[in-house]
Amino acid sequence: MEIFKQSKTWITLGIAALALLAFFVYQYGGFKQFDWSMSLDDESEEPYGTVVVKQVLENSIAQDSFRVLDKKINKSLPESPELPSNFIFIGQALLLDTNDVDRLLYFVENGNTAFISSMTIPDLLMDEVFFSPCDTLYWEDYPTYYDTAVVTNFVHPDLRAETPFTFPYVVRNKIQDTYWEQIAGHVFCGDSGYPTVISQSPDSAIVDMIRLPYGDGVFYLQTSPIAFTNFYLTKERGQAYVERAFSHLQDGPIYWDDFSNVPAAVGRRKNWANNNPLEPKQGPLDYVLSQPPLAWAWYLLLTLGLLYLIFRAKRQQRVIPVLEKSRNTSLEFIATIGRMHFSGQNHRRIALQQMDLLQSFIRSKYRLSFEKGDANFAEQLSDASEIDKPTIEKMFLLYTNIKSSNFTSDKTLIELHKLTDYFYKNCR
């Protein structure tokens with residue numbers, strides 16, 4: 001009986017130790033961890049970041065035509081560019097002050113396009129852009145509704161898809177209900193056609209994208225930025241939606257706003273806090289400057305700080321600026337897409353795309369084309385490229401097996417990559 005009790009104790013301790021070990025392995029790198037929060041950060045490679053859409057736009061036009069605004073809009077966005085241009089913002093909330101709003105309005109008024117995808121829109125901006133066809137109506141922030149997903153389709157027949165686009169909020173492969181934004185129904189007054197509906201839910205009156213003309217330009221407002229995240233840009237349906245949404249842009253330079261993105265809660269609080277934007281707000285120094293002793297103390301502090309900077313600067317060497325190394329954004333874009341496709345476990349698709357590129361290379365360089373059953377292809381390619389015939393036969397045998405099967409393992413994909421990489425590096 002005593003031996004049985006000791007064995008039971010050791011078994012219990014062993015199970016506890018294994019459970020503790022499994023917890024630490026899972027918590028600290030044993031499995032890939034993703035941040036599933038809706039960050040909409042254009043530097044994030046997490047599922048709901050927007051680095052992919054930024055790099056897609058950057059690589060789709062000339063390098064000097066994609067310009068990142070890393071300062072406030074009124075300091076970085078030109079009022080009237082030389083060419084018709086586009087301002088693009090994709091994020092939770094666009095934080096603007098009166099100077100930023102004026103600069104953006106001048107930009108659009110001069111014949112340019114502003115594409116804004118966000119969960120809230122500044123009141124300062126909409127007071128200038130929106131006019132109501134009905135005297136009693138006015139603009140309000142985006143109202144919300146509770147559902148499992150955004151379901152939408154384009155209104156124009158050339159852009160409408162056969163089946164609507166669906167964007168659920170997925171967290172660890174599970175769909176979660178959440179709040180979504182929409183354009184308020186009351187802003188569409190009568191049959192005036194203003195604002196113009198670009199996309200909406202086919203089974204309800206939920207509108208998520210509209211067109212607002214302003215001067216010689218136009219604003220496009222979209223309330224579902226989830227559609228532009230990394231998670232959906234790696235899927236064919238997500239790519240199709242983004243391509244159709246961006247078809248409304250002009251052919252010209254793109255100004256990507258990298259500065260104004262703030263959390264949605266901050267944007268709603270800052271952009272809608274003051275019902276009268278022209279009313280001056282009391283600053284934190286108003287009370288200090290209104291009291292003479294405090295004012296003198298404040299001025300004395302500023303004077304001492306200025307003197308410290310003047311005399312301290314003379315005794316120190318000037319800071320040597322660090323020059324950032326040149327970056328190849330094309331390689332970063334390829335690496336990002338590669339990691340996302342590999343994490344999607346669609347190895348067969350990657351293998352077929354890799355062989356399509358190889359066959360295109362062979363046709364262009366050696367004027368040879370692979371046909372199934374052609375016994376002379378491997379010998380002809382071996383003579384032309386000086387790669388041994390068994391390696392070529394093995395590579396195209398793998399390709400034939402992958403093409404005829406529905407599943408491709410990690411090992412097969414890696415082996416095919418080694419063979420094609422050897423071919424590229426050693427062919428004549």
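Which residues in helix 15 are buried? Leu413, Leu416, Leu419, Thr420 and Phe423 are. The views below come from a predicted model.

**Figure 1. The whole chain, an overview.**
The protein chain has 428 residues, and 39% of them count as buried. Its secondary structure comes to 15 helices and 14 strands. Take the contacts in the chain with a separation of 6 or more. Residues 24 or more positions apart account for 70% of those contacts. A search of the whole structure also finds 29 aromatic pairs.

Helix 15 runs over residues 410–426 and has 17 residues. From first C-alpha to last, helix 15 reaches 24 Å. That is close to the 24 Å expected at 1.5 Å a residue. Buried in helix 15 are Leu413, Leu416, Leu419, Thr420 and Phe423.

Leucine 398 is 15 residues away from leucine 413 along the chain, and their C-alpha atoms are separated by 9.2 Å. Lysine 418 has a relative accessible area of 58%, so it counts as exposed. Lysine 418 and methionine 395 are 23 residues apart in sequence, and 9.4 Å apart from C-alpha to C-alpha.

**Figure 2. The largest nonpolar core has 43 residues.**
Which residues have the most contacts inside this core? They are Tyr48, Phe115, Phe228, Tyr241 and Phe246. Several helices and strands each supply at least two residues of the core. Among the helices are helix 2 (51–60), helix 6 (230–233) and helix 7 (236–246). Among the strands are strand 2 (86–90), strand 6 (149–154), strand 7 (165–171), strand 12 (217–222) and strand 13 (254–257). A second, separate core has 32 residues, including Leu77, Val108, Leu125 and Val187. In soluble globular proteins, nonpolar side chains tend to be buried together.

**Figure 3. Phenylalanine 115 and its contacts.**
Set aside residues up to four places away in sequence. Phenylalanine 115 then touches Phe87, Ile88 and Phe89, among others. Its contacts also include Met209, Tyr220 and Phe228. Ala245, Phe246 and Leu249 are on the list too. Phe115 and Phe228 both belong to the group with the most contacts inside the largest core, and so does Phe246.

**Figure 4. Two charges over ring faces.**
Lysine 235 lies over the face of phenylalanine 231. The distance to the ring centre is 4.7 Å. Arginine 237 lies over the face of phenylalanine 165. Here the distance to the ring centre is 4.3 Å.

**Figure 5. Leucine 40, a buried loop residue.**
Find leucine 40 in the loop between helix 1 (2–27) and helix 2. Is it buried or exposed? Its relative accessible area is 1%, so leucine 40 is buried. Leucine 40 touches Tyr48, Gly49, Thr50, Ile90, Gly91, Gln92, Met119, Pro225, Thr229 and Asn261, not counting residues up to four places away in sequence. Leucine 40 and valine 51 are eleven residues apart in sequence, with 8.6 Å between their C-alpha atoms. Leucine 40 is not a glycine, yet it has a positive phi of about 55 degrees.

**Figure 6. Arginine 172, an exposed loop residue.**
Arginine 172 belongs to the loop between strand 7 and strand 8 (174–176). Its relative accessibility is 55%, so arginine 172 counts as exposed. Arginine 172 has a positive phi of about 55 degrees, although it is not a glycine.

**Figure 7. Threonine 148, between two strands.**
Threonine 148 is found in the loop between strand 5 (144–147) and strand 6. With a relative accessible area of 37%, threonine 148 is partly exposed. Which residues does threonine 148 contact, leaving aside neighbours within four places in sequence? They are Pro168, Tyr169, Ile175, Gln176, Asp177 and Trp180. Threonine 148 and valine 170 are 22 residues apart in sequence, and 9.3 Å apart from C-alpha to C-alpha.

Note on methods: Residues numbered from 1 in each chain as written. Predicted model: local features only at pLDDT ≥ 70, side-chain atom pairs only at ≥ 80, totals over all residues. Heavy atoms only, no water. Core = buried A, V, L, I, M, F, W, Y, C linked by side-chain atoms within 4.5 Å. Buried < 20%, exposed > 50% of the residue type's maximum accessible area, 1.4 Å probe, protein only. Helix = DSSP H or I, 4+ residues; strand = E, 2+ residues; numbered from the N terminus. Contact = heavy atoms within 4.5 Å. Phe/Tyr/Trp six-rings, centres within 6.5 Å; stacked < 30°, edge-to-face > 60°. Lys NZ or Arg CZ within 6 Å of the ring centre and 35° of its normal. Expected span 1.5 Å × (residues − 1).
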